[in-house]
Amino acid sequence: MGVLSLQQLLGNLPELSAWPEIADVFQRAPEGSHPDWQLPALACQAVGGSEAAGLAGMAAIACSQMSIILVDDMLDADPRGEHHRRGYGPTANLALALQAAAFRLVEQAAVSSQQLTAATNCLAHLNLATAAGQHLDVQNRGGEEDYWQIIQ
């Protein structure tokens, strides 16, 4: 999935269609630098489906990952972070919007209600586990044991 396909999917969400900063975040992501975004398409193909069947999942992973990057850059005071261009408040809002967009994109997948529930639960777990890890990271306690707890 290229950036253009992602922008089209995001543009179909009414809340994001008039929010150009959302698309701009993905324009700054190097093309082809996120092979993990392809995992849903590969999973669909592995069971005999089409790449297109995984498009909503691909977009959801992309949105979640970009949301995590925006927040992580703010927490780590990354000198390359979007917050330096946009400010902390607007960047935090972009991160929240991308996280919510991931759930909206999963809702659009052509899957059974049972599969939708499973995918939504996985996405919620991903975001909650990431937030818990970030919480531990900002405490900056140090030591190998704390490091592995954060990674977990």
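Predicted model: local features only at pLDDT ≥ 70, side-chain atom pairs only at ≥ 80, totals over all residues.
**Aspartate 78**

Leaving aside neighbours within four places in sequence, I find aspartate 78 in contact with Asp73, His83 and His84. I then looked up where aspartate 78 sits: the loop between α4 (55–75) and α5 (83–86). Buried or exposed? I read 15% relative accessibility for aspartate 78. The cut-off for buried is under 20%, so aspartate 78 counts as buried.

**Alanine 77**

I stayed in the loop between α4 and α5, where alanine 77 is also found. I checked its backbone. Alanine 77 has a positive phi of about 50 degrees, although it is not a glycine. I noted this since most residues other than glycine have a negative phi. Next I looked up accessibility. Alanine 77 has a relative accessible area of 48% and is partly exposed.

**The chain as a whole**

Along the sequence the pattern reads α-α-α-α-α-α-α-α. The chain has 152 residues, and 34% of them are buried. I also looked at sequence separation in the contacts. Taking contacts between residues at least 6 apart in sequence, I find that 63% join residues at least 24 apart.

**α4 against α6**

I turned to helix pairs. The axes of α4 and helix α6 (residues 88–107) come within 8 Å. They cross at roughly 160 degrees. That makes the two helices, α4 and α6, roughly antiparallel, because the angle is over 145 degrees. The handedness of this crossing is left-handed.

I listed the residues that meet. From α4 they include Ala56, Ala59, Ala60, Cys63 and Ser64. Further along α4, I noted Leu70, Val71 and Met74 among them. On the α6 side they include Tyr88, Thr91, Leu94, Leu98 and Gln99. Leu105 and Val106 of α6 are also among them. Which classes make up the contact of α4 with α6? I get 17 nonpolar and 4 polar residues, with no charged ones.

**α6 against α7**

I followed α6 to its contact with helix α7 (residues 113–139). Their axes come within 10 Å and cross at roughly 165 degrees. α6 and α7 are therefore roughly antiparallel to each other. I checked the hand of the crossing as well: it is right-handed for α6 and α7.

Which residues make the contact? α6 supplies Gln99, Ala102, Phe103, Val106 and Glu107. α7 supplies Leu116, Ala119, Thr120, Leu123, Ala124 and Asn127. By class, I sort the contact of α6 with α7 into 7 nonpolar, 3 polar and 1 charged. I noticed Gln99, Ala102 and Val106 of α6 in this list; I had also found these residues in the contact with α4.

**α4 against α7**

I then looked up α4 with α7. Their axes are 11 Å apart, and the packing angle is about 10 degrees. What does that angle make of the pair? It makes α4 roughly parallel to α7, since the angle is under 35 degrees.

In α4 I noted Ser64, Ile68, Asp72 and Leu75 at this contact. In α7 the partners are Leu123, Leu126, Asn127, Thr130, Gln134, Asp137 and Val138. The contact of α4 with α7 divides into 5 nonpolar, 4 polar and 2 charged residues.

**Aspartate 137**

I picked aspartate 137 from the α7 side of that contact. It is found in helix α7. Its relative accessible area is 29%, and aspartate 137 is partly exposed. I then checked its distance to aspartate 72.

**Helix α2**

Which residues of helix α2 (residues 20–27) are buried? I find Ile22, Val25 and Phe26. They cover an arc of only 95 degrees around the axis, which puts them on the same side of α2. I recalled the general rule: an α-helix has 3.6 residues a turn, so residues three or four places apart point the same way.

**Glutamine 8**

Last, I went to glutamine 8, in helix α1 (residues 3–11). At 49% relative accessibility, glutamine 8 counts as partly exposed. I looked up its separation from alanine 23. Glutamine 8 and alanine 23 are 15 residues apart in sequence and 9.2 Å apart in space, C-alpha to C-alpha.

Definitions and conventions:
Residues numbered from 1 in each chain as written. Heavy atoms only, no water. Buried < 20%, exposed > 50% of the residue type's maximum accessible area, 1.4 Å probe, protein only. Helix = DSSP H or I, 4+ residues; strand = E, 2+ residues; numbered from the N terminus. Arc of directions from axis to C-beta. Contact = heavy atoms within 4.5 Å. Axes fitted to C-alpha atoms, helices over the stretch in contact; angles between N-to-C directions. Parallel < 35°, antiparallel > 145°, perpendicular 65-115°, else oblique. Left-handed = near helix turned anticlockwise from the far one by under 90°. Nonpolar A, V, L, I, M, F, W, Y, C, P; charged D, E, K, R; others polar.
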